[in-house]
Amino acid sequence: MFDLFSNDLCDLWEICVYCGHTFGRRLGTLILLFYLVFYGFLAGMFTLTMWVMLQTLDDNIPTYRDRVASPGLVIRPRSLDIVFNRTDPKQYGQYVQHLENFLQQYNDTVQEKNELCMVGEYYEQDDQEEKKVCQFKRNLLRQCSGLSDTTFGYAEGKPCVLVKMNRIIGLKPRGDPYINCTAKVNPLQMQYFPSEGRFDKMYFPYYGKNLHSTYVQPLVAVKLLLTKEDYNNELTMECKIEGSDLRNSDDRDKFLGRVTFRVKVVE
């Protein structure tokens, strides 16, 4: 009797263990299936959301362009501390080479492929699929073009600095924008090329890298007419864009509409 009861108890235990293992495997399978469906659903929702958002974007024009309403100013050569000995070509050679390399895109052979545009008028091409570019030849920079003086004035201690605005899609500055530079301590004589340091309206608006792939910014060259009294002194220069609605005095951004750099010529 006891043996029979023991055998029945053992059989019942084996059945429970087998059922537990079977139920555990099925439960694990169900949990795995749940997570597969759940994460698959999330991935699908994310993909659909991204696809819908991408349909609202334009490949050529940013959707939101209200963050930067005015362009920053930058100079060439690409240095905010221009220091050299005017009698040593090795010291100013880096600046001369950088200017020459930068102005290659303004050579006649390149610019003659572009359009002769109407001076003083915006060159609007909203209805044209292929955007054209107005000519800006480096000879407009005259004494700072590197054509008549291949050292850009550095050998004579009267260096040239090129000023340009950063590109902003759709920008059409009002008024008659021009560059005005000042020395922060002592007055300094300067020459501007083109005349009066003006940015002509025909180089605006810019339509973006994709549509306006060969576009080059207009330049203003500033020739610093240093004298012997200015040599061996560090001069702090500030150039601003004036004569338009473009901002140039934002305390939070020192490059918005202006640029500050230092020049020291040693002899």
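A charge is said to sit over a ring if NZ of Lys or CZ of Arg is within 6 Å of the ring centre and within 35 degrees of the ring normal. The legends below describe close-up views of a predicted model.

**View 1. Charged side chains over aromatic rings.** The charged end of R76 is placed over the ring of F102, at 5.6 Å from the centre of that ring. A further example is K172, which lies over the face of Y122, 5.7 Å from the ring centre.

View 2. Strands of a sheet pair through backbone hydrogen bonds, either parallel or antiparallel. Here, 4 strands form an open sheet in the order β1-β3-β6-β5, and their pairing is antiparallel. The edges are formed by β1 (73–76) and β5 (190–193), each of which pairs on one side only. On average, neighbouring strands of this sheet are turned by 25° against each other, with direction ignored. Between β1 and β3 (residues 160–165), the antiparallel pairing extends over 4 bridges. R76, the residue whose charged end sits over the ring of F102, has L162 in β3 as its bridge partner. Helix α2 (residues 89–102) packs on the sheet, where it touches β1 and β3. The direction of α2 makes about 40° with that of β3.

View 3. The whole structure contains 12 aromatic pairs according to the search. In one of them, F34 and F38, the ring centres are 6.0 Å apart and the planes meet at 10°, so this pair is stacked. Because F34 and F38 are 4 residues apart in helix α1 (residues 2–55), about one helical turn separates them. F38 has a relative accessible area of 37% and is therefore partly exposed. The rings of Y35 and Y39 likewise form a stacked pair, with centres 6.0 Å apart and planes at 20°. Y35 and Y39 are also 4 residues apart in helix α1, so about one helical turn lies between them. With 42% relative accessibility, Y35 is partly exposed. Ring pairs join F34, Y35, F38 and Y39 into a cluster.

**View 4. The largest nonpolar core.** In soluble globular proteins, nonpolar side chains tend to be buried together. The largest nonpolar core of this model comprises 55 residues. Those that touch the most other members are L103, Y154, L162, I179, L219, L224 and M237. When residues up to four places away in sequence are not counted, L224 touches K158, P159, L188, Q189, M190, M237 and V263.

View 5. E238 is found in strand β7, which covers residues 235–244. Its relative accessible area is 14%, so E238 counts as buried, the cut-off for this class being under 20%. Residues up to four places away in sequence aside, E238 touches N180, C181, T182, K184, R258, V259 and T260.

View 6. G170 is located in the loop between β3 and β4 (175–183). With a relative accessible area of 38%, G170 is partly exposed. Although G170 and Y207 are 37 residues apart in sequence, their C-alpha atoms are 6.1 Å apart in space.

**View 7. Backbone exceptions in the loops.** Most residues other than glycine have a negative phi, and most peptide bonds are trans. The loop between β5 and β6 (220–224) contains P194, and the peptide bond from F193 to P194 is cis, with omega near -5°. P205 is also found in the loop between β5 and β6. The peptide bond from F204 to P205 is cis, with omega near 0°. E196, which is not a glycine, has a positive phi of about 65°; E196 too is found in the loop between β5 and β6. N232 belongs to the loop between β6 and β7. The phi of N232 is near 65°, a positive value in a residue other than glycine. At 42% relative accessibility, N232 is partly exposed.

Key:
Residues numbered from 1 in each chain as written. Predicted model: local features only at pLDDT ≥ 70, side-chain atom pairs only at ≥ 80, totals over all residues. Heavy atoms only, no water. Pairing = 2+ DSSP bridges. Helix = DSSP H or I, 4+ residues; strand = E, 2+ residues; numbered from the N terminus. Axes fitted to C-alpha atoms, helices over the stretch in contact; angles between N-to-C directions. Contact = heavy atoms within 4.5 Å. Buried < 20%, exposed > 50% of the residue type's maximum accessible area, 1.4 Å probe, protein only. Phe/Tyr/Trp six-rings, centres within 6.5 Å; stacked < 30°, edge-to-face > 60°. Core = buried A, V, L, I, M, F, W, Y, C linked by side-chain atoms within 4.5 Å.
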